[in-house]
Amino acid sequence: MNYFPDEVLEHVFDFITSHKDRNSVSLVCKSWYKIERYSRQRVFIGNCYSISPERLIARFPGLKSLTLKGKPHFADFNLVPHDWGGFVYPWIKALAKSRIGLEELRLKRMVVSDESLELLSKSFVNFKSLVLVSCEGFTTDGLAAIAANCRGEVNLGALERLVSRSPNLKSLRLNRAVPLDTLQKLLMRAPQLVDLGIGSYVHDPFSEVYNKLKIAIQRCKSIRSLSGFLEVAPHCMSAIYPICGNLTFLNLSYAPGLHGNKLMKLIQHCRKLQRLWILDCIGDKGLGVVALTCKELQELRVFPSDPFGAGNAAVTEEGLVLVSAGCPKLNSLLYFCQQMTNAALITVAKNCPNFIRFRLCILDPIKPDPVTNQPLDEGFGAIVQSCKGLKRLSLSGLLTDQVFLYIGMYAEQLEMLSIAFAADSDKGMLYVLNGCKKLRKLEIRDCPFGDAALLEDVGKYETMRSLWMSSCEVTLGGCKSVAEKMPSLNVEIIDECEQMEFNLDDKQKVDKMYLYRTLVGHRKDAPEYVSIL
Amino acid sequence: MERRVNYENDLNLMATELRLGLPGCGDDEPQRKTNPSIRNNKRTAPEISEVSSSESSSSITMSGSDDQDSPPPAKEHVVGWPPIRSYRKNCLQSSKRNEVEGMGMYVKVSVDGAPYLRKIDLKVYRSYPQLLKALENMFKLTIGAYSKREGYNGSDYAPTYEDKDGDWMLVGDVPWEMFISSCKRLRITKGSEARGLGCV
């Protein structure tokens, strides 16, 4: 390839957009590495502590879009203290200093201070897009620096003017504070909308506003994505029917007011749906309607409407089986349910061999198959055996070491595995570490895995992004051992109750351990209760 | 292994027993109670609460010596379970509060001189002006503005409501939320009666 001028190679590389492919390209030879790095515009960093902003900038001076992820996934469920880390400020500071032409910043589980937002808004002339997912640390003052017009309370008049002046506005999401007649006016001014989030949808079906709203909605022929309905008058949903036929994404997961027949009627209009996020008050019957109507469905997420409830069965294995039978394109699932059976999982595995993401959460974390009283090993075993492209798996229910034997044997493409309250012994963890060659993220809580499993193959952790273990059997000594043997890993012990301070015995069990590979050694911004071994 | 043995031996007669009562109450979940500590080994983790992060462990602990009749530990006691984001939990809780009063709050509305009554859903409105405008539209009349001193003086019509005590009150005196929770029916009075309410 030496005889191709650089410009030609660069042009060829322009067609290579996936991060994985670009990474591979850069490893071919020195000259490709050089050309790739100068032409790279988009960079994805899965763990903000694996590399420093300075090194990033040094390698990719043409950087335009950066994606950063901070806290470990279990932070979403309050298992990680708020100030653990993941601060974006040093990144923005470094990028600003180096005059990088940043246009887009995408952050997930990072701490974003108002100061960072202000600096961001002042430093990059061509900045276009800020995406924050599960971030924290900022207030509306900070956001005000980014979005020039919105300050404090929603100024409806200003919002209307803003929408009028934005002929390219594609996405509009409103909260509860926006009244219906404003919504109607906004929709009249933005019929080109593609993504609409309605906050409050409560009104009198006989009112003039409602009639106007019906007309406005009908004009919005481009809407493909609908969400919100935080407050909803179910008898007014018929105004939405005209646009349902075009929807590819419907998110009703914040709308507990919508259920029963009204919900089913709405769904019956959504024949082109590809992604559906819903609450479990849809019930198995409602999922049956989904199965009959949404033949294009690829992703289904069913959230619990009553997480700590008395166990009134909202959805069970029946709903899932119905959807698997009716929606052959289903490849991504997040399903909170009251119970699951092996038979159902085996049927689902047969019906849908294309799962990429399979996340099952039985609300009682150690519940067995209620019909046979057996653990769910066979059911999940069927899933991993049938779904050869499975990349992400979350387990729940009563599970023994056996399920991990299956996972190690069959889940060849598995990249992320979440385990809670499962297994009988170290063998479980070992099956996974030895078997899943493509494993990148492993997160474990409340399992009987100890030092023997942790230390069996420490080299494996260098091939992964991170490992989280909380309330397991690993000891301080075991963690120290990993840190000693693998200087390329940061092994963090999160010790909120400061047990470690008074008892530095190596045999002490570690409550929370988070280890990850890194090129830049120990981070300097860890709070007091985090020890990096 | 202990866990599995328990489940295999338990014929689960309770689940098939016919009885009156809501699911999830009382003792129809014997399996969880007879289940010893999930990680049945050396570590004695204290029972934790979601609020206090000073407790170390997040495991479910049910010691084998627990009384069979004690209720199963509330699921709230396991930190981070079920795995949903706090934002979702909060959203559902606040929606629940709003829905406690029930879906829709239809009250009868009578207008002096009108041949029949109507019904409106009070939950649809956020404020007095909204409600009054809706009433004006519905009955094709003008109610006018409310003032604390004069009521709806100057207008031909005055909106009144029957409260929980059975008394007829002028609409607008109390905060909206209080009105919503105490209003049983509405009556739009006309003429001299209306003006009478305005001057105390």
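**Ground rules.** I count two strands as paired if DSSP finds at least two bridges between them. Helices (H or I, at least four residues) and strands (E, at least two) are DSSP runs, and they are numbered from the N terminus. I'm working on a predicted model, where local features need pLDDT of at least 70 and side-chain atom pairs count only at pLDDT 80 or more, while totals for chains, interfaces and linings use all residues. Residues are numbered from 1 along each chain as its sequence is written, chains are lettered from A and ligands numbered from 1 in the order in which they are written, and side-chain values use heavy atoms, with hydrogens and water left out.

**Chain A overall.** I started with the inventory: chain A holds 21 helices and 19 strands. Its radius of gyration is 25 Å, close to the 24 Å from the globule rule for 533 residues, so chain A is as compact as a globular protein of that length. (That radius is taken over C-alpha atoms, and the rule is 2.2 Å times the number of residues to the power 0.38.) The C-alpha trace of chain A spans about 70 × 65 × 60 Å along its principal axes.

I then checked burial, where buried means under 20% relative accessible area, exposed means over 50%, and partly exposed lies in between (1.4 Å probe, protein chains only). Of the 533 residues in chain A, 57% are buried. The accessible surface of chain A is about 22200 Å², and carbon and sulfur atoms own 53% of that. Those areas come from the Shrake-Rupley method with a 1.4 Å probe, and for residues only the protein chains shown count as cover.

For contacts I used heavy atoms within 4.5 Å. Among the contacts in chain A with a separation of 6 or more, 69% are between residues 24 or more positions apart.

**A parallel sheet in chain A.** I traced an open sheet of 4 strands in the order S1-S2-S3-S4, with parallel pairing. Strand S1 (42-45) and strand S4 (129-133) sit at the edges, each pairing on one side only. The twist averages 5° from one strand to the next. (Axes are lines fitted to C-alpha atoms, for helices over the stretch in contact, and angles run from 0 to 180 degrees between N-to-C directions.) S1(A) pairs in the parallel sense with strand S2 (residues 65-69) over 4 bridges, and there A:Ile45 has A:Leu68 as its bridge partner.

**Two covered strands in chain A.** I looked at strand S9 (residues 275-279) and found 4 of its 5 residues buried. It runs parallel to strand S8 (residues 249-251), joined by 3 bridges, with A:Asn251 opposite A:Trp277. Strand S12 (residues 357-362) has 5 of its 6 residues buried, so it is largely enclosed by the rest of the structure. Here 6 bridges join S12(A) to strand S11 (residues 332-337), again in parallel, and A:Leu333 stands opposite A:Phe358.

**Helices in chain A.** In helix H3 (residues 30-39), the buried set is A:Trp32, A:Ile35, A:Glu36, A:Arg37 and A:Ser39. The buried residues of H3(A) pack against helix H1 (6-13), helix H2 (19-26) and helix H4 (53-59).

Next I picked A:Val323, in helix H14 (residues 317-326). A:Val323 is buried, at 0% relative accessibility. Leaving out residues up to four places away in sequence, A:Val323 touches A:Leu287, A:Ala291, A:Leu297, A:Leu300 and A:Leu330. A:Ala291 is 32 residues from A:Val323 along the chain, yet their C-alpha atoms are 4.6 Å apart.

A:Cys244 has its nearest cysteine sulfur, that of A:Cys270, 3.9 Å away. A:Cys244 is buried, with a relative accessible area of 1%. For A:Cys327, the nearest cysteine sulfur belongs to A:Cys294, 6.3 Å away, and A:Cys327 is buried too, at 0% relative accessible area.

**Chain B.** I ended with an open sheet of 5 strands in the order S2-S1-S5-S3-S4, with mixed pairing. Strand S2 (118-121) and strand S4 (168-170) are at its edges with a single partner strand each, so one side of each has no neighbour in the sheet. Neighbouring strands are turned by 35° against each other on average, direction ignored. Strand S1 (residues 106-111) and strand S5 (residues 185-190) of chain B pair in the parallel sense over 4 bridges, with B:Val111 partnered by B:Ile188. Helix H5 (residues 128-139) lies across S1, S2, strand S3 (157-162) and S5 of chain B, at about 150° to S2(B).

Methods. Disulfide = S-S within 2.5 Å.
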